[in-house]
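Please keep the sequence and the model in view while reading.

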Amino acid sequence: MTDQGKLMHLALWIVAGLLAAVFAFAGANKLFIPYEKLAKAPGGGWVNQFSPGFVKALGTAEILGAIGLVVPAALDIVPVLAPLAAVGLATIMVGAALVTSRRHERLHAVLNLAYFALAVFVAIGRFGPESFS
């Protein structure tokens, strides 16, 4: 592996790790904080547009995505799950950006698009030049 390849590999691991932490935290909040309390939290008004079951399912998907970004590759068990998890999380972020944009929450929409871009970076990097295979 070239020095540039090693640097890209490291960058992908760092971004995947940071995304995993963000999504694990966000998913745990959705899963374990009561629906009513989430809805009253700053930036939590979007929760009122969805059922409690959907919010819990979203939290579960985010936690599974966080695990999928890191664990399969780290343990070398079906490492293709890492870029697939990144694609799934990027898809969630498109939905999040649309919801926050419709609510005129521009800062949250931009943040969601930033997470989308980072997830796409991981997906492209791990499907492409820095795949685990």
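Helices here are DSSP runs (H or I, at least four residues), numbered from the N terminus.

The model is predicted, so local features need pLDDT of at least 70 and side-chain atom pairs count only at pLDDT 80 or more, whereas totals for chains, interfaces and linings use all residues. Residues are numbered from 1 along each chain as its sequence is written, and side-chain values use heavy atoms, with hydrogens and water left out.

The buried residues of helix 1 are G5, L12, V15, A16, L19, A20, F23, G27 and K30. Buried means under 20% relative accessible area, exposed means over 50%, and partly exposed lies in between (1.4 Å probe, protein chains only). The cover over these buried residues of helix 1 includes helix 2 (35-40), helix 3 (52-75), helix 4 (81-102) and helix 5 (106-127).

In helix 4, the buried residues include A82, P83, A85, A86, L89 and A90. Others in helix 4 that are buried include I92, M93, A96, A97, V99 and T100. Helix 1, helix 3 and helix 5 are among the elements that cover the buried residues of helix 4. An α-helix has 3.6 residues a turn, so residues three or four places apart point the same way.

**Helix packing**

Axes are lines fitted to C-alpha atoms, for helices over the stretch in contact, and angles run from 0 to 180 degrees between N-to-C directions.

| Helix pair | Axis separation | Crossing angle |
|---|---|---|
| Helix 4 and helix 5 | within 8 Å | roughly 160° |
| Helix 1 and helix 3 | within 7 Å | roughly 155° |
| Helix 1 and helix 5 | 10 Å | about 135° |

The angle between helix 4 and helix 5 is roughly 160°, which makes helix 4 roughly antiparallel to helix 5. Helix 1 and helix 3 are likewise roughly antiparallel to each other, whereas helix 1 and helix 5 are oblique. Angles under 35 degrees count as roughly parallel, over 145 as roughly antiparallel, 65 to 115 as roughly perpendicular and the rest as oblique.

The crossing of helix 4 and helix 5 is left-handed. A crossing is left-handed if the near helix is turned anticlockwise from the far one by less than a right angle, and right-handed if clockwise.

Contact means heavy atoms within 4.5 Å. Residues of helix 1 that meet helix 5 include L12, V15, L19 and F23, and their partners in helix 5 include Y115, A119 and V122. N112 is found in helix 5 and counts as buried at 11% relative accessibility. Not counting residues up to four places away in sequence, N112 touches M93, A96, A97 and T100.

**The nonpolar core**

A nonpolar core is a set of buried Ala, Val, Leu, Ile, Met, Phe, Trp, Tyr and Cys residues joined through side-chain atoms within 4.5 Å. The largest such core has 26 residues, of which L19, F23, W46, V47, V55, L69 and V122 touch the most other members. Helix 1, helix 2, helix 3, helix 4 and helix 5 each give two or more residues to this core, and helix 4 gives the most, with 8 residues.

Leaving aside neighbours within four places in sequence, W46 is in contact with K30, V55, L58, V99 and R103. L58 is found in helix 3 and is buried, with a relative accessible area of 15%. Not counting residues up to four places away in sequence, L58 touches K30, W46 and I92.

**Positive phi values**

Most residues other than glycine have a negative phi. D76 has a phi near 55°, lies in the loop between helix 3 and helix 4, and counts as exposed at 58% relative accessibility. V78 has a positive phi of about 50° and lies in the loop between helix 3 and helix 4; at 45% relative accessibility, V78 counts as partly exposed. Just after helix 4, H104 takes a positive phi of about 60°.
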